[in-house]
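Hi there,

Here is the structure I promised to pass on. Have a look at it first, and then read my notes below.

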Amino acid sequence: MAIRVNPKIIDDLEGYGAEDVQLCYHCGNCSAVCPHADEFNVFPRRPMRYLQMGLERKLETSLEPWLCYYCGQCSDQCPRGAEPGETMMSLRRWLISRYDITGIARLFFKSTKVELAAVIIVALLTGIFFLGFGLWQGDINVYDGSNAFLPSSFIHNFDLALGFLVALFIGLSAFRFWWFSMGGKSAVPIPWWLYIKKVYLLPWHFFTQKRFADCEKETTRRIYLPWLAHLGLMLGYVTMLFIVMVFVKQLQAGPEINWSVHVFGYLASLGLLIGAVYMLRGRLKKNRTQYQRSHGSDWIFLVLLFIIALTGVTQHILHRSGLLLAANIVYIVHLMVVVPWLLRMPFTKWAHMFLRPLGMYFSAVRNEALTRQRSGIETTVPARKVA
Ligand code: SF4
Ligand code: SF4
């Protein structure tokens, strides 16, 4: 196979956040301290090397950036200040833009102004749409039931259409991720049954983010706060997404509280608020290595998330207090933030939520295929034992 060299790849990666790759002189300290590097995945040193050599294809097919949780220990130990942790983060942004077929991710990562402008335009269009629709068919002083300003059945269908669109783009990116790393562009033949054998790893990594907790084991703090904040945030938005998609009618009905649904809404809001505040505070104070350099898209993600949680809670309180006009106005503001936030998901850092567990799963499958290949074990379907 021809080796594709891109001498400008380091310059290109600067647009995604990496700035000091050239400083690396390959001492290997970073890989030695990384809690997740192993015999198959010698990162972050290897991706640093690929970058300096311009080996674009190798980077495109690599799973290693997805195995990093940006604990920052490698950057702390780098004698050259080459910021390997930030480089791994930048590579994940770069890979998201490679998997995305629309080119939107690249545009957003390369220019925060463009991303911000897109968010503002979508927010304004959303506001105009829902305000016009509400005034046309309902009463702005009615929140639920007949003549509601924004009927829950309409919001439900709108949510489903939005969810379908987001799932479509995420699905396309996930397919290209597989194709680059495991399919057509992979050098290792992977037997299909290994995918089935390891499939439990997908929900495991998705719901526990356990490898992030493992990062903390290596430090002296062992307080697991970053992991807890990350987990709270992740479980918060998954839960919220689920109840909004499925139970929006129960959420919007009232004024009495439907505890079987609302209790999950309260927990999810709490997780979102605490997680967003913890991360915004960390980035403002730059109190951890991974918060030293924030990309514009990180700020947009967290600020939008914070506003979503805040307007969601405010709208709920106003509705339960009988202040229906105010509740409807805050509802529109809430939707103005939710829609651009959801729509940007497949093209920004939010895609991590799906791509990282997928990367862990692919890596486990590929490692076992490699082990079997090295030890000469047959990689086709395992034969049944004859009694
Ligand atoms: S990034 Fe730093 S620690 Fe890692 S190999 Fe390069 S110089 Fe050494
Ligand atoms: S940031 Fe942490 S997990 Fe990522 S490569 Fe560096 S040491 Fe490993």
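Helix H7 makes the biggest contribution to the shell around ligand 2, giving 3 residues. Helices here are DSSP runs of H or I with at least four residues, and strands are E runs of at least two, numbered from the N terminus. H7 covers 84–99, and both H7 and helix H6 (73–77) supply at least two residues of that shell. In total 16 residues surround ligand 2, with Cys 34, Cys 68, Cys 71, Cys 74 and Gly 85 the closest. A residue counts as near a molecule if its C-beta atom, placed from the backbone, lies within 6 Å of it. By class, the ligand 2 shell holds 12 nonpolar, 4 polar and no charged residues. For these classes, Ala, Val, Leu, Ile, Met, Phe, Trp, Tyr, Cys and Pro are nonpolar, Asp, Glu, Lys and Arg are charged, and the others, Gly among them, are polar.

Before you go further, please keep in mind that this is a predicted model: local features need pLDDT of at least 70, side-chain atom pairs count only at pLDDT 80 or more, and totals for chains, interfaces and linings use all residues. Residues are numbered from 1 along each chain as its sequence is written, while chains are lettered from A and ligands numbered from 1 in the order in which they are written.

Ligand 1 has 13 residues around it, and Cys 24, Cys 27, Asn 29, Cys 30 and Cys 78 come nearest. Helix H2 (29–33) and helix H3 (45–53) each supply at least two residues of this shell, which has 8 nonpolar, 3 polar and 2 charged residues.

Now for the domains. An automatic or database domain assignment gives the bounds, dividing the chain into domain 1 (9–99) and domain 2 (104–367). Their C-alpha centres lie 27 Å apart. Across the boundary, 26 residues of domain 1 are in contact with 32 residues of domain 2; contact means C-beta atoms, placed from the backbone, within 7 Å. On the domain 1 side, helix H5 (64–67), H6 and H7 each supply at least two of the touching residues, and H7 gives the most, with 7 residues. That side has 11 nonpolar, 10 polar and 5 charged residues.

As for the whole chain, the secondary structure comes to 18 helices and 0 strands. Along its principal axes, the C-alpha trace spans about 70 × 60 × 40 Å.

Happy browsing, and do write back with any questions!

Definitions and conventions. Contact = placed C-beta atoms within 7 Å.
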